[in-house]
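Please examine the protein and its ligand shown below, then work through the exercises in order.

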Amino acid sequence: MSRVLYIQASPRGKRSKSLAVTDAFIKAYAKSNPDDPIAALNLFEANIPSFDGLAVQAKYTILHGMEHSAEELQAWRSVEKVIETFKSADKYVMAVPMWNFGIPYRLKQYIDLLVQPGYTFSFDPQQGYTGLVTAKPLFVGYARGGEYPPGTDAEAFDLQKRYIELIFGFMGFSQIESVVVEPTLQGGPEVAQRKLAAAVERAEQAWAAFSCRFQKAAVTSASTLIPTGGTPKAGRSGGIR
Ligand SMILES: Cc1cc2nc3c(=O)[nH]c(=O)nc-3n(C[C@H](O)[C@H](O)[C@H](O)COP(=O)(O)O)c2cc1C
């Protein structure tokens, strides 16, 4: 039995195109794996903690090898809880809209909570950075209003898919599969409908690969690409970034 965490980063509910793609994937997956529990995490509805002054201070207290104050400890426990819930899953599905060429702010907030030294990555002066969330597959449904095809000038503006692959790769994910639906706005409703139908079909087919734990690694782990030279001095539980 595998626990699936379904992370939803669109606030648009039934209108969301990224959710339409991941819903199709989840439906196909659940049909073949009826015993696998699927926990949905809607980032615009969930009460995820802020990564604010106190939480950031708590992070730096750890980096500098000092003891947390009572207030910092309380803030840090909330961060740890988010990470624990995240890491307790075996497989991940995520719906990600493009916002201003990147990702919605609620997903960035969630990532800022997750990416912590000693929890989701480690640092060693000799080895550099190592992702700690390993051997877990991730399926992502991306939606964009415009088009950003590989090999075109528009590709450089895609800081959505590139960032997700980099930051999840940094945390150790090496098996990332995805389906992109684009354009969802440019080109009018007819084009959008046709592109969505094709993307939904691709997502339905992708479940088979997910079900066998993405045997084929689709993305090289970003953590192995980060050079160790010139990195700042390490604190108690990781590099200061
Ligand atoms: C705040 C905001 C910013 C957006 N920025 C972009 C953008 O930079 N490029 C783009 O192609 N589409 C952009 N869009 C359009 C969305 O990517 C598009 O509507 C997509 O389908 C949203 O995903 P969803 O349908 O899953 O919510 C933006 C939409 C919103 C609400």
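The exercises below treat the overall fold, the sheet, the hairpin, a helix pair, the ligand shell and some backbone details.

This is a predicted model, in which local features require pLDDT of at least 70, side-chain atom pairs count only at pLDDT 80 or more, and totals for chains, interfaces and linings use all residues. Residues are numbered from 1 along each chain as its sequence is written.

**Exercise 1. Describe the overall make-up of the protein chain.**

Step 1. Helices (H or I, at least four residues) and strands (E, at least two) are taken as DSSP runs and numbered from the N terminus. On this basis the protein chain has 6 helices and 7 strands.

Step 2. Read from the N terminus, the order of elements is β-α-β-α-α-β-α-β-β-β-α-β-α.

Step 3. A residue is buried if 20 or more other C-beta atoms lie within 10 Å of its own, exposed if 12 or fewer, and partly exposed in between, with C-beta atoms placed from the backbone. Of the 241 residues in the protein chain, 39% are buried.

Step 4. Two residues are in contact if their C-beta atoms, placed from the backbone, lie within 7 Å. Among contacts between residues at least 6 apart in sequence, 79% join residues at least 24 apart.

**Exercise 2. Determine the strand order of the open sheet and describe the surroundings of β7.**

Step 1. Strands pair if DSSP finds at least two bridges between them. The open sheet consists of 5 strands in the order β2-β1-β3-β6-β7, with parallel pairing.

Step 2. Its edge strands are β2 (38-42) and β7 (176-181), each of which pairs on one side only. From one strand to the next, the twist averages 15°.

Step 3. Strand β6 (residues 138-143) pairs with β7 in the parallel sense over 6 bridges. Phe 139 has Glu 177 in β7 as its bridge partner, and Val 140 stands opposite Ser 178 in β7.

Step 4. Helix α5 (residues 161-170) packs on the sheet and touches β3 (91-97), β6 and β7; the direction of α5 makes about 165° with that of β7. Such angles run from 0 to 180 degrees between N-to-C directions, and axes are lines fitted to C-alpha atoms, for helices over the stretch in contact.

Step 5. Because 5 of the 6 residues of β7 are buried, β7 is largely enclosed by the rest of the structure.

**Exercise 3. Characterise the pairing of β4 with β5.**

Step 1. Strand β4 (residues 121-124) and strand β5 (residues 128-131) pair in the antiparallel sense over 4 bridges.

Step 2. Ser 122 stands opposite Thr 130 in β5. A hairpin of 3 residues joins β4 to β5.

**Exercise 4. Describe the shell around the ligand.**

Step 1. A residue is near a molecule if its C-beta atom, placed from the backbone, lies within 6 Å of it. The ligand is surrounded by 17 residues, the closest being Ser 18, Pro 97, Gly 145, Gly 146 and Thr 184.

Step 2. Helix α1 (residues 17-32) gives the largest share of this shell, 3 residues. By class, the shell divides into 7 nonpolar, 7 polar and 3 charged residues.

**Exercise 5. Locate the backbone details in the loops.**

Step 1. The peptide bond from Glu 182 to Pro 183 is cis, with omega near -5°. Pro 183 lies in the loop between β7 and α6 (188-211).

Step 2. Phe 101, in the loop between β3 and α4 (105-114), has a positive phi near 70°. With 16 other C-beta atoms within 10 Å, Phe 101 is partly exposed.

Step 3. Ala 135, in the loop between β5 and β6, has a positive phi near 55°. Ala 135 counts as exposed, with 11 C-beta neighbours inside 10 Å.

Definitions and conventions
Ala, Val, Leu, Ile, Met, Phe, Trp, Tyr, Cys and Pro count as nonpolar, Asp, Glu, Lys and Arg as charged, and the others, Gly among them, as polar.
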